[in-house]
Amino acid sequence: MARVVIVSNRVPVPTERGARAGGLAVGIADALKDGGLWFGWSGQISASARNPVRKIEADKITYATIDLNQEDYDRFYVGYANSTLWPLLHFRLGLIDFKREDLDGYFSVNRTFAAALALELEPDDIVWIHDYHLIPLGAELRRLGVRNRLGFFLHIPFVPASLFSALPQGEKLLRAFLAYDVVGLQTEEHRRDFLDAVKQVLGTEPGADGAFVTADGTSRAIANPIGIDARGFAAMATKAERSTETKRLLSSLVGRDLVIGVDRLDYSKGLPNRFAAFGKLLHDHPEHRQKVSYLQVAAKSREDVSEYQALRRELDRKAGNINGRYAEFDWVPLRYMTRPMSRATLAGFYRAAKVALVTPLRDGMNLVAKEFIAAQDLNDPGVLILSRFAGAAEDLSEALIVNPYDPGEITDAMHQALTMPLEERRDRMDRLRARVFTITAESYCRNFLAALAA
Ligand code: GDG
């Protein structure tokens with residue numbers, strides 16, 4: 001069987017300590033269950049720039065990483081990837097901070113990755129590249145003569161062609177997708193928008209099956225939603241129910257209902273509107289005062305990007321306002337933490353929660369929604385409130401679906417969730433679980449690799 005090679009910006013090297021937030025590693029680890037190579041950035045910045053590849057072996061997987069130098073990090077990672085592509089592909093043109101040097105740095109780091117990776121590849125390897133940091137990697141590999149099957153998966157949304165056209169030199173980026181045999185997107189909507197941009201910007205007419213002919217052969221765009229290891233996560237949550245952390249949490253609630261949110265601290269996640277909605281709940285429905293506690297875990301992320309620093313200040317202030325206004329000496333309405341927690345602790349907390357708030361303004365998929373569902377106790381399940389702009393909403397229609405641009409809709413959904421009869425909660429959760437246990441990390445990896453091998 002061909003060896004699988006995974007490439008992602010960050011590599012979850014097993015020796016690294018501590019919890020880190022982020023959805024990508026959660027979903028794709030399954031592709032290497034029979035072993036393989038995982039290649040990418042070490043997460044280290046080193047002065048001597050682009051050190052040779054460092055390797056660690058564990059569980060039949062070789063983790064191979066390279067460092068970036070400070071300039072690479074500033075231009076490629078902080079700059080183009082996270083200050084141009086991330087806001088653009090989350091529909092936030094106003095937050096784009098484009099610099100030509102960043103674009104050059106982005107392509108240059110992709111060339112460096114390609115040069116280092118090409119040396120590691122064997123002729124039959126199947127290469128699966130992940131996410132917006134590495135869009136041009138396939139084209140750079142082809143330039144070096146790599147003939148392997150190359151697949152790419154975009155974890156974040158794609159935008160309509162009219163928005164994409166705002167990207168300076170966007171044509172160059174879009175053309176880079178054509179080097180792949182398969183381009184995967186999270187949802188049908190993202191796939192449609194991607195194919196439409198290919199057509200409008202590059203003038204290449206895709207076939208009905210999402211295939212288009214390129215200089216290198218045929219390329220195909222597929223929708224392939226990511227999932228989680230639902231069984232594993234459910235087991236973790238059941239076990240964590242009896243953990244010290246969950247017991248401490250429950251005893252601190254003294255019988256109050258728990259509302260939970262878990263996100264990277266990112267402007268795509270819609271946290272300010274969520275806080276506003278909770279404030280409005282306490283204002284409009286005084287009967288919930290002292291009866292609910294909302295725990296928001298907002299794990300710090302991308303702290304070198306200025307927009308994230310601004311968001312953090314905004315949330316600090318908003319959390320303070322809500323608590324200053326509504327807290328009692330023995331009740332803090334909003335518990336807001338920016339420190340990450342362990343995955344097992346989170347699993348237990350999801351299971352303890354009555355309501356989960358997943359209200360991004362845009363999200364490729366959103367795995368927190370799926371984790372919350374997998375963690376529920378079916379005898380007394382919680383209620384998921386889900387933004388219609390999360391990719392997950394395409395499939396999870398039995399959640400309470402909201403438009404997060406109107407905090408009032410989130411407030412109404414919270415009230416509905418907190419007062420929902422057990423029967424209805426069970427009914428909805430049953431259907432949601434069926435989806436989350438069908439579309440899993442395993443099915444996601446299997447489908448993509450099958451499409452790539454075809
Ligand atoms: C991107 C796309 C897509 C969060 N806080 C902590 C923590 N987390 C974990 C969650 C979940 C993951 O991070 C977040 O995944 P999401 O899918 O919600 O979001 P992104 O990080 O933005 O992921 C997204 C995903 O890629 C996969 O394709 O779904 O749309 O944006 O697993 O549990 N984990 C730990 N401590 C925390 O404090 N350990």
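This is a predicted model: local features need pLDDT of at least 70, side-chain atom pairs count only at pLDDT 80 or more; totals for chains, interfaces and linings use all residues.
Residues are numbered from 1 along each chain as its sequence is written.

Let me begin with the helix pair. Two packed helices are described by the angle between their axes and the distance between the axes. Here the axes of α10 (residues 271-284) and α11 (residues 306-326) come within 10 Å and cross at roughly 5°, which makes α10 roughly parallel to α11. Helices here are DSSP runs of H or I with at least four residues, and strands are runs of E with at least two, numbered from the N terminus. The axes are lines fitted to C-alpha atoms, for helices over the stretch in contact, with angles from 0 to 180 degrees between N-to-C directions; under 35 degrees counts as roughly parallel, over 145 as roughly antiparallel, 65 to 115 as roughly perpendicular and the rest as oblique. From α10 the contact takes L271, P272, F275, F278, G279 and L282, and from α11 it takes E314, L315, K318, A319, I322 and Y326, where contact means that C-beta atoms, placed from the backbone, lie within 7 Å. Of these residues nine are nonpolar, one is polar and two are charged; Ala, Val, Leu, Ile, Met, Phe, Trp, Tyr, Cys and Pro count as nonpolar, Asp, Glu, Lys and Arg as charged, and the others, Gly among them, as polar.

Which residues of α15 are buried? They are R428, M429, L432 and V436, and because they fall within an arc of 100° when seen down the axis, they line one face of the helix. That arc is taken over the directions from the helix axis to the C-beta atoms, and buried means 20 or more other C-beta atoms within 10 Å of the residue's own, exposed 12 or fewer, and partly exposed in between, with C-beta atoms placed from the backbone. E423 and A434, on the other side of α15, are exposed, whereas the cover over its buried residues includes α8, α13 and β14.

Helix α7 (residues 188-202) buries H190, R191, D193, F194, L195, A197 and V198, and these pack against α5, α6, β7, β8 and β9. Just after α7, G203 has a positive phi of about 70°.

Positive phi also turns up outside glycine. D59, in the loop between β3 and β4, has a phi of about 50° and counts as exposed, with 8 C-beta neighbours inside 10 Å. F91, in the loop between α2 and α3, has a phi near 65° and, with 16 such neighbours, counts as partly exposed.

I will finish with two strand residues. L150 of β6 is buried, with 26 C-beta neighbours inside 10 Å, and its contacts beyond four places in sequence are V127, I129, G138, L141, A179, Y180 and D181. L357 of β13 is buried with 31 such neighbours and, leaving aside residues up to four places away, touches V259, G261, R274 and I385.

Note on methods:
Two residues are in contact if their C-beta atoms, placed from the backbone, lie within 7 Å.
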